[in-house]
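Please look over the sequence and the fold below before reading on.

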Amino acid sequence: MFTSISGRSVLVTGGTKGIGKGLAAGFAAEGAQVVITGRDAGLGERTAAELTAAGGQVSYAAGDVSDPESCAAVVATARERHGGIDVVCCNAGVFPAAPLTEMTPAQLDDVLSVNLKGTIYVVQAALPALTASGRGRVIVTSSITGPVTGFAGWTAYGASKAGQLGFIRSAALEFARSGITINAILPGNIATEGLDSMGPDYLRSMEAAIPMRHLGSVADIANAALFFASDEAAYITGQTLVVDGGQIIPESLEAMG
Ligand code: NAP
């Protein structure tokens with residue numbers, strides 16, 4: 001149904017675990033050449049080795065998306081290894097809880113620097129390569145939290161995720177004549193190492209709030225990303241896709257029946 005993306009060069013930020021690892025696995029399974037980045041080099045090398053052993057072409061490059069120079073270095077590495085970049089998945093993110101009564105300026109800066117500014121830095125750094133590709137794709141991992149829903153304690157996170165959508169809409173206009181599309185996926189609650197750290201009570205309450213009664217998988221997000229990356233999605237830009245098992249639909253628990 002879709003044109004093969006085998007051989008395309010893909011950069012996944014935050015690709016060392018969780019959703020990003022799932023994105024890397026999904027692209028690698030389609031024959032793409034993938035560079036993953038994250039700060040923990042030991043984990044990054046292990047993840048790349050695991051995905052390569054599974055048959056993919058995946059390598060790790062150390063990087064911190066909150067640092068523009070680091071973003072430029074990771075982009076340069078991906079270009080050197082694979083001769084260019086066709087797809088960038090801006091996925092790196094942090095989600096610490098910080099009620100407004102306790103939030104420090106440093107905590108706010110951290111969330112905005114990684115989630116929002118980091119997305120922009122990576123896209124800026126990759127823009128020449130995406131333009132050279134002629135069919136560049138940017139796929140941002142946003143969230144339902146912020147763009148669609150709210151969660152007490154996650155004001156900074158919600159603002160960062162909504163901010164990503166403000167960014168993609170204007171970027172889509174800047175890129176519209178260069179063959180580059182930029183879209184965002186809004187995951188609901190996806191089973192990842194990061195979400196596990198929220199604890200069993202959180203996970204149970206989320207399952208109860210999801211009409212399908214189970215968390216999503218990283219493959220669910222990878223499938224959405226593969227669609228946005230396809231040649232067939234070339235006319236879709238500046239858009240969002242919610243992948244949440246129906247979580248944003250019900251007005252109340254009773255509405256779920
Ligand atoms: P995770 O399991 O905690 O993984 C986060 C990834 O981001 C790791 O690879 C981490 O590696 C990397 N990362 C964090 N800070 C970074 C930085 N400054 N520079 C480079 N890499 C960095 O999280 P996840 O659940 O997969 O979430 C991934 C994305 O999905 C985030 O943007 C999150 O907001 C979004 N999301 C997740 C869910 C969910 O239910 N899981 C729902 C909605 C949206 P290092 O720590 O080694 O750098």
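The model is a predicted one, in which local features need pLDDT of at least 70 and side-chain atom pairs count only at pLDDT 80 or more, while totals for chains, interfaces and linings use all residues. Residues are numbered from 1 along each chain as its sequence is written, and side-chain values use heavy atoms, with hydrogens and water left out.

Helices here are DSSP runs of H or I with at least four residues, strands are runs of E with at least two, and both are numbered from the N terminus. Helix α1 (residues 18–29) and helix α2 (residues 41–53) have axes that come within 10 Å and cross at roughly 30 degrees; the axes are lines fitted to C-alpha atoms, for helices over the stretch in contact, and the angles run from 0 to 180 degrees between N-to-C directions. Because of that angle, α1 counts as roughly parallel to α2, where the scale calls angles under 35 degrees roughly parallel, over 145 roughly antiparallel, 65 to 115 roughly perpendicular and the rest oblique. The crossing of α1 with α2 is right-handed, a term used when the near helix is turned clockwise from the far one by less than a right angle, with anticlockwise giving left-handed. Contact means heavy atoms within 4.5 Å, and here K21, A24 and A25 of α1 meet T47, E50 and L51 of α2. These residues comprise three nonpolar, one polar and two charged, with Ala, Val, Leu, Ile, Met, Phe, Trp, Tyr, Cys and Pro counted as nonpolar, Asp, Glu, Lys and Arg as charged, and the others, Gly among them, as polar.

Helix α1 also packs with helix α8 (residues 218–229), at an angle of about 55 degrees and with the axes 8 Å apart, which means that α1 is oblique to α8. This crossing is again described as right-handed. On the α1 side, G18, I19, G22, L23, G26 and F27 take part, and they meet V218, I221, A222, A225, L226 and A229 of α8. The contact of α1 with α8 has nine nonpolar, three polar and no charged residues.

From α3 come P68, C71, A72, V75 and R79, and from α4 come Y121, V122, A125, A126, P128 and A129. In this contact, 10 residues are nonpolar, none is polar and one is charged. The crossing of α3 with α4 is right-handed.

On a 1 Å grid over the protein atoms alone, a cavity is a set of points where a 1.4 Å probe fits but cannot get out, a pocket is an open set with protein on both sides within 12 Å along at least five of seven lines, and lining residues have an atom within 4 Å of a point. The largest pocket has a volume of about 990 Å³, and of the 45 residues that line it, G93, V94, F95, Y157 and G194 are the closest to its centre. Its lining divides into 18 nonpolar, 21 polar and six charged residues.

The structure holds one cavity of 30 Å³ or more. The largest cavity is lined by residues including L11, T13, D64, C71 and V122, and α3 gives the most to this lining, with three residues.

Key. Points joined across faces, edges and corners; volume = space filled by probe spheres on them.
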